[in-house]
Amino acid sequence: MTRDFQAPGRSLVYATGCMVATSHPLASLTAIEILRAGGTAADAAVAAMAAACIGEPHMTGIGGDCFCLVARPGRPIWGYNGSGRTGGAMHAEALIEQGLTGIAIDSVHAVTVPGAIEAWDAILKAHGRFGFDRVLAPAIAAAEAGVPVQPRVALDWALAVQKLRKHSATAKHLLREGEAPRAGDVVRFPALAATLRTIAKGGARAFYEGEIADDIVASLSSQGGVLTAADFAAHRGEEAGPISTDYRGLEVVELPPNGQGLAALVLLNILERFEMGALAASGADRLHILIEAARLAYGMRNTNIADPAFMSEQVQALLDRGFAARLAGMIDPTKRSQFPTAIRPMGSTVLVCVVDRDRNAVAMINSLFSAFGSGIATEKTGILLHHRGSGFNLTPGHPNCIGPSKRPLHTIIPAMTRRDGRVDMTFGVMGGAYQAMGHAHLISNIVDHGMDLQTAIDWPRVFFEGEQVQAETGIDSHVIEALRARGHDVARRSMPHGGGQAIRIDWEHGVLIGASDPRKDGIALGY
């Protein structure tokens, strides 16, 4: 598929040595510098993510969680779950007694132990050549010297001003006289730079034991939080064996729960029951099937996915083709059907894709959840904290009900594809709950409609908020009317659905092909 060079758009990026794709120029350049210095894909991914914490502070940070997939030629795909847990003193009954029916995103109870730093450390030790002192150096330098605010970052920042004003420490670190910086303004994060220096010198345990952890615990305790120093000291992520499904000959690989990668695979299993390639790529027929299949897959997600220690259904049972066939049979191609209530999407995330000279491939994702996370920042260390605990519910007996030392349903999901036993693509789609549908949409664009990576990423998207379908501006008006005629409540979306990056490995020709989503400020770079 050849791009129209008279129309706005991006070209694919080709290289033979190394390739990176991120959502911020600083992150991409940082990864390239690490690779040129002899670092591995893992080194470059961690360095890029740390830089993104400075360039996209609303999307990601060391106060969030991290998931990662690493593929090395001739070895099984390695996965890591770097999500944190609730405090040991967290009990649903106590929150219910307070009259709560859910965990709000700005609640102190939504903050779980941030797992990012421990995950970065595990990734480097398993697959890197460098330590924190080397890979954190570019982020520290950027935080001290300052970085210019990119256009999409400025837009998101301005929309979050009221959230950032609620807490004095947050306003101190992230606002200028109570206002958001504008595009092109140079912002500095001296407190965060000092924190990163402490981690670079003392390693991951310097985050979970000592002054940094004490500052986080004190900040949360002052607002009624129950996380303790012992909860931080006890934190460990874990290696996680990937799960996969075959979509028309292409194996799609995801991490297992508590992430929602399982929902992406179930969605693909449903779509495989339909002749998606015979439908117009942006036509109402295809979008209707995609929406209905996603509603079913997300219904499965909300019912079943949780901390795996608490799930009642086995992953393989949910991946069973017979289960997908039953779900597909519930879809009426001509009209909207009544399914379980759809979830409300939200989320702010950063994804990094890297392939190095040895064809080691990394898909790494790190997040604060929604823009600027919980809105709670620490006074001394300048750490903005996520709100992953808002992914829990307060339904006693439900596998995802909040409880002590428990991990919530998670939205961030790195992914890869494999063909003939070799990984041939590392990819991901940002955007909170949208990510599972975004993965399926991207794979269908490539497999069913023959799109190249950049076109597949750029293609207009739809998703649902509650019971309403929200369409990006690229969806034609006549298509929206056709969806409405099928019973969908459709509205134009003011903001795009997420972002995305991908790198494909062309093993036959020895070429790497990169793409980055124009919905963000990022870029794919290679050499």
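I take helices (H or I, at least four residues) and strands (E, at least two) as DSSP runs, numbered from the N terminus. The model is predicted, so I read local features only at pLDDT of at least 70 and side-chain atom pairs only at pLDDT 80 or more, while totals for chains, interfaces and linings use all residues. Residues are numbered from 1 along each chain as its sequence is written, and side-chain values use heavy atoms, with hydrogens and water left out.

**Entry: Gln316**

I found Gln316 in helix α16 (residues 315-318). For burial I use relative accessible area: buried is under 20%, exposed is over 50%, and partly exposed is in between (1.4 Å probe, protein chains only). Gln316 has a relative accessible area of 56%, so I call Gln316 exposed. I also checked Gln316 against Ile243: they are 73 residues apart in sequence and 8.8 Å apart in space, C-alpha to C-alpha.

**Entry: helix α1**

I compared the length of α1 (residues 25-36) with expectation. I listed the buried residues of α1 as Ala27, Ser28, Thr30, Ala31, Ile32, Ile34 and Leu35. Gly38 follows α1 and has a positive phi, near 100 degrees.

**Entry: α1 against α2**

Next I looked at how α1 meets α2. Axes here are lines fitted to C-alpha atoms, for helices over the stretch in contact, and angles run from 0 to 180 degrees between N-to-C directions. The axes of α1 and α2 come within 8 Å and cross at roughly 150 degrees. That makes α1 roughly antiparallel to α2. My cut-offs: under 35 degrees is roughly parallel, over 145 roughly antiparallel, 65 to 115 roughly perpendicular, and the rest oblique.

The crossing of α1 and α2 is right-handed. A crossing is right-handed if the near helix is turned clockwise from the far one by less than a right angle, and left-handed if anticlockwise. I count a contact when heavy atoms are within 4.5 Å. From α1, the contact uses Leu26, Ala27, Thr30, Ala31, Ile34 and Leu35; from α2, it uses Ala41, Asp43, Ala44, Ala47, Ala48, Ala51 and Ala52. By class I get 11 nonpolar, 1 polar and 1 charged. Nonpolar covers Ala, Val, Leu, Ile, Met, Phe, Trp, Tyr, Cys and Pro; charged covers Asp, Glu, Lys and Arg; the others, Gly among them, are polar.

**Entry: α2 against α6**

Which helix did I check next against α2 (residues 41-55)? I checked α6 (residues 137-145), which packs on α2 at an angle of about 15 degrees, with the axes 8 Å apart. That makes the pair roughly parallel. The crossing is right-handed. Ala50, Ala51 and Ile54 of α2 touch Ala139, Ala142 and Ala143 of α6. I noted 6 nonpolar residues in this contact, no polar and no charged.

**Entry: α14 against α18**

Helix α14 (residues 261-271) packs on helix α18 (residues 434-449) at about 40 degrees, axes 8 Å apart. The two are therefore oblique to each other. α14 passes α18 in a right-handed crossing. Ala263, Ala264, Leu267, Leu268 and Leu271 of α14 meet Ala436, Met437, His439, Ala440 and Ile443 of α18. The class count is 9 nonpolar, 1 polar and no charged.

Ile199 is in helix α10 (residues 190-202). Ile199 is buried, at 0% relative accessibility. Leaving aside neighbours within four places in sequence, I found Ile199 in contact with Ile62, Ile117, Phe132, Leu136, Ala206, Phe207 and Ile212. Ile199 and Phe132 are 67 residues apart in sequence, yet their C-alpha atoms are 7.3 Å apart.

Gly203 lies in the loop between α10 and α11 (205-208). Is Gly203 buried or exposed? I read 18% relative accessible area for Gly203, which counts as buried. With the neighbours within four places set aside, Gly203 contacts Phe132 and Thr198.

**Entry: positive phi**

Most residues other than glycine have a negative phi. Phe369, in strand β11 (residues 361-369), has a positive phi near 85 degrees. Phe369 is buried at 6% relative accessibility. Phe372 has a positive phi near 60 degrees and sits in the loop between β11 and β12 (415-419). Phe372 is buried at 0%.
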